[in-house]
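Hi,

Here is the structure I said I would pass on. Have a look at it first, and then read my notes below.

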Amino acid sequence: MPFGEDITFSRHALNQMGERGINQNEIIETIRSPEYTSKQDTKRTRAVKRLRRNGKEYLLVVIYRSHPQGIKVVTVFITSKIHKYLYQ
């Protein structure tokens with residue numbers, strides 16, 4: 001992904017970010033430097049990256065769509081199921 005590519009957020013993603021305490025910088029870092037990516041289907045990509053919260057290790061999971069104008073984040077969540085999402 002080119003460094004300057006525009007990243008936008010769906011309404012659903014913004015709601016999830018607010019509910020889950022996830023900030024845009026964490027999401028952008030996960031998209032730009034993921035530990036793991038996988039194609040969800042022909043249009044969506046899942047990017048994951050470890051993060052620490054309250055002394056525990058979690059994964060930030062970002063689902064996004066690439067399009068000619070940039071990237072649109074569809075949804076985001078944090079999970080403790082590291083092996084399920086990182087080692088598939």
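Two residues are in contact here if they have heavy atoms within 4.5 Å of each other. Keep in mind that this is a predicted model.

With that cut-off, let's start with Gln-16, which sits in helix H1. Setting aside residues within four places in sequence, Gln-16 is in contact with Thr-75 and Val-76. Is Gln-16 buried or exposed? Its relative accessible area is 10%, and buried means under 20%, so Gln-16 counts as buried.

Now the sheet. Five strands form an open sheet with mixed pairing, in the order E1-E5-E4-E3-E2. Strand E1 (6–9) and strand E2 (36–39) are the edges, each pairing on one side only. On average, neighbouring strands are turned by 30° against each other, ignoring direction.

Helix H1 covers residues 11–20 and packs on this sheet, where it touches E1, E3 and strand E5 (70–79). The direction of H1 makes about 30° with that of E5. Helix H2 (residues 24–32) lies across E1, E3, strand E4 (56–67) and E5, and runs at about 70° to E4.

If you want a spot to look at, Ser-38 has Arg-46 in E3 as its bridge partner.

What about the inside? The largest nonpolar core has 15 residues, and Ile-27, Ile-31, Val-62, Val-73 and Val-76 have the most contacts inside it. E1, H1, H2, E3, E4 and E5 each give two or more residues to this core.

Last stop is Gln-40, in the loop between E2 and E3. Which residues does Gln-40 touch, not counting those up to four places away in sequence? They are Thr-45, Arg-46 and Ile-63. At 32% relative accessibility, Gln-40 is partly exposed. The C-alpha atoms of Gln-40 and Gly-70 are separated by 18 Å, with the two residues 30 apart along the chain.

Cheers

How values were computed: Residues numbered from 1 in each chain as written. Predicted model: local features only at pLDDT ≥ 70, side-chain atom pairs only at ≥ 80, totals over all residues. Heavy atoms only, no water. Pairing = 2+ DSSP bridges. Helix = DSSP H or I, 4+ residues; strand = E, 2+ residues; numbered from the N terminus. Axes fitted to C-alpha atoms, helices over the stretch in contact; angles between N-to-C directions. Core = buried A, V, L, I, M, F, W, Y, C linked by side-chain atoms within 4.5 Å. Buried < 20%, exposed > 50% of the residue type's maximum accessible area, 1.4 Å probe, protein only.
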